[in-house]
Amino acid sequence: MSGGMLTLRAWRDPILVAISLVALWQVLHEIAGDSAVTAPAPTLAHLWEMIGQARFLPHLRETSLAFLQALAIACGGGVLIGVVLGGHKLTGEVAEPILVALYSVPKITLYPVILLLFGLGMPAKVAFGALHGIIPVVLFTMNAVRNVNRTYLRAGRAMRLTPAQTGWYVLVPATLPEIFSGLRIGFSLTLLGTMLGELFASQRGLGFLLMTAIDLHDVKTILSIAVLISIFAIAANAALLAIDKHLHRGAAPEVSGKP
Amino acid sequence: MSKAGWIRTLLLVGAVGALELACRTGAIAPTMVTAPSKMVTTLIKTLQSDEIGMHLRHTLSAVAIAMSIAIVGGFVIGFVLNWVPFLRRAFSPFLAAYYAIPHFAFYPLLIVIFGLGPVPLIVLATLFAMVAMILATMAGLDRVPRVLLKTARIHRLSLIEEIWRVRLPAAAPHILSGLKLAVAYSFIGVIAGEFILSTSGIGHEIAFAYDNFDNPRMYALILFVLGIVTLFNMAVFAWERRMLRRRGA
Amino acid sequence: MIAGAPRLAAVGDEAAYKIHARLEGVTRVYPPRAGHAEVHALGPISFDLRAGEFFSVVGPSGCGKSTLLDVLAGLAVPSAGTVEFEGKPVHGEVPDGVGVVFQEDASFPWLTVEDNVAFGLRRAGVDAAESKRRVDFAVAFMGLRDFSRAYPSQLSGGMRQRVCIARTLVMQPRLILLDEPFGALDQQTRLLMGDELLRLWRETSATVLLITHALDEANLLSDRIGVMSARPGRFLDIVETGWPRDRDSRLAERADFGAVTSRLWSYLRGESLRALGQGTAAR
């Protein structure tokens, strides 16, 4: 098959999705009216205008900075902790149920504690975003390390690899696809956590703008910001998903049974 | 209990003990964290007051409604999407990107549309929980081994029988794990919404206590929420395990 | 036969060579799919399955053995040609009186051994007393009596395959199709299961068609062996073994046993090489 065909096919779905989402948005606007859902075209124009304004940029910068720092902590710390928990069986068994329980509770209730510990502002947002993102990274990394096929390690020994060689040529390639899947989910949850943090008791950032817009009943601004965040989230996720799929290309298909 | 279980229990007990000690000795100021013993005593006092029952009822009823819609709706939608390839192709890109979006960014919009009250909370939690159920239902039905479907044909089952006797039981483990997620996400959705902005509910009470510098009450309620949600999640988890244990899943 | 045991099949003993199933000019072609050319998987194949015989099909991997079975069972529709079972055409629906056992584990993990075995009877509306009688017999016959309340996850692969065979047996099939049923089992278990299959065949007087890639197994179990070519699969020859009906795995000790296996291998060596090449080219 030609490369041109492939690019066309790769772009077809996202474009169709974007078109149908805008169409759905327009329909919602027709049903709900301007006071609830503003139409796509004016909203996007408003977003464009907002991005150009000097008073908007500090908020965007605040949110981006908080997110990036939280992401760095979630990814770096998560992989590190995950490798330890995966490598040491007992430690992993002790920690896993705690992590799973923490994943399934409304972590927002812990936000006041973080605010008391870090004070209002950037560090609290970073901590809260990282708290959301780090759990999936740890869980995925731990499982990736745990599930490394023992035969690979035996093959490495049979080929008389040094521990460093085994690490670099066997363990890293064997665990990378799973770890990356964890990072992808960690990315989304870090963003979720950062946004949650900004929606409560915040004085700067996109979340703060969202909350102030409620009082002004400024639907256009609310939608603009929500759409901006969603576009960023979806685009980043699509890129990460593409890399994820590429890394998993050698993995066995999950569907059982003969073709 | 397993060795890991004992260590975990000791670790948690030790952590609570250390916190208690640190608070009693003043190493941690009461403006930061209250002592665990005080959290418990305040919690007991708080639970004896009438208005907390009202908040709890509001939260739990919103969670129950969101959970029911998410589970039933998610199952039906997942089933239909799995059955109709055209719809599945159309919707799968949405589903793949769905959990990348920070849904709570749309909560302000929901408040503007539905007004402050239980409705935006239920909508938020349902939106958050339902897709987990859809994805799990589809994954479960996708992974029904072909040989079991062939077996159904050999026994000349009707379509309804095939679905009821073979497809659904074979997909059950995935569907149950989706259900588990839908329960957890419903709690997260409702309580997070209440916390950010609402007029009642447990999440609102925590935020209210924070705003009023009422640390003992805030910590008591945090303990309460984390406790009941964890208990509820564990109950669902244990139920799932019991359903699956004999199947060696 | 065990005294008082119900009769598990109902094939008349009239003509020695009564035709039980017939394939005429059967082919199976998979239409081209995205990125793949059309695949001519099978045929044309024509042959008669004699009532009450044990017929095996051997052939290189990917030669369409399983497709042949699917077409005969009514699980797949032939692209050309006709399939008949007991004089009636088979077309995309499993006829009454045909039982199939697959290579993959087809036991239902959510049912006990007993309920697995009773599955077909309940769906067919057989009354409870009769159903229980047949299930008890099949469970005992397959040596599963101590496990009747167990779930498949508690059993070994070989035991699970017995459950699937018992589930087929209770339906009293007149034609039993087996698609490499022992393919996933170890050699010792295979030999034991082979003996049990022979016992089952003798005592039910059903017709058996077995797909296998193990030449010794085909040799030991069969009255006739169809040797298939590489894709598209056709019969190169149908070898008559001439073994006595009352046989078991000790047959392998006979001097003339090896000669039949050698003959099968001489047919298949070249075909297997060709199939290996097809496999590599397809990657």
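Reader: How many aromatic pairs does a search of the whole structure find over all chains?
Author: Happy to say, with the reminder that this is a predicted model, where local features need pLDDT of at least 70 and side-chain atom pairs count only at pLDDT 80 or more. Side-chain values use heavy atoms, with hydrogens and water left out. Rings of Phe, Tyr and Trp (its six-membered ring) pair if their centres lie within 6.5 Å; planes under 30 degrees apart count as stacked, over 60 as edge-to-face and the rest as tilted. Over all chains, the search finds 24 aromatic pairs.

Reader: What is the angle between the planes of A:Y111 and A:F128?
Author: These two rings form a tilted pair, 4.4 Å centre to centre. A:Y111 counts as buried because its relative accessibility is 2%, where buried means under 20% relative accessible area with a 1.4 Å probe and protein chains only. The angle between the planes is 40°.

Reader: Which residue forms an edge-to-face pair with C:F54?
Author: The centres in this pair are 5.6 Å apart, with 80° between the planes. C:F54 counts as buried because its relative accessibility is 0%. The partner ring belongs to C:W201.

Reader: Which residue lies over the face of C:W201?
Author: A charge sits over a ring if NZ of Lys or CZ of Arg is within 6 Å of the ring centre and within 35 degrees of the ring normal. Here the distance from the ring centre is 4.3 Å. The residue over C:W201 is C:R245.

How values were computed. Residues are numbered from 1 along each chain as its sequence is written. Chains are lettered from A and ligands numbered from 1 in the order in which they are written. Buried means under 20% relative accessible area, exposed over 50%, partly exposed in between (1.4 Å probe, protein chains only).
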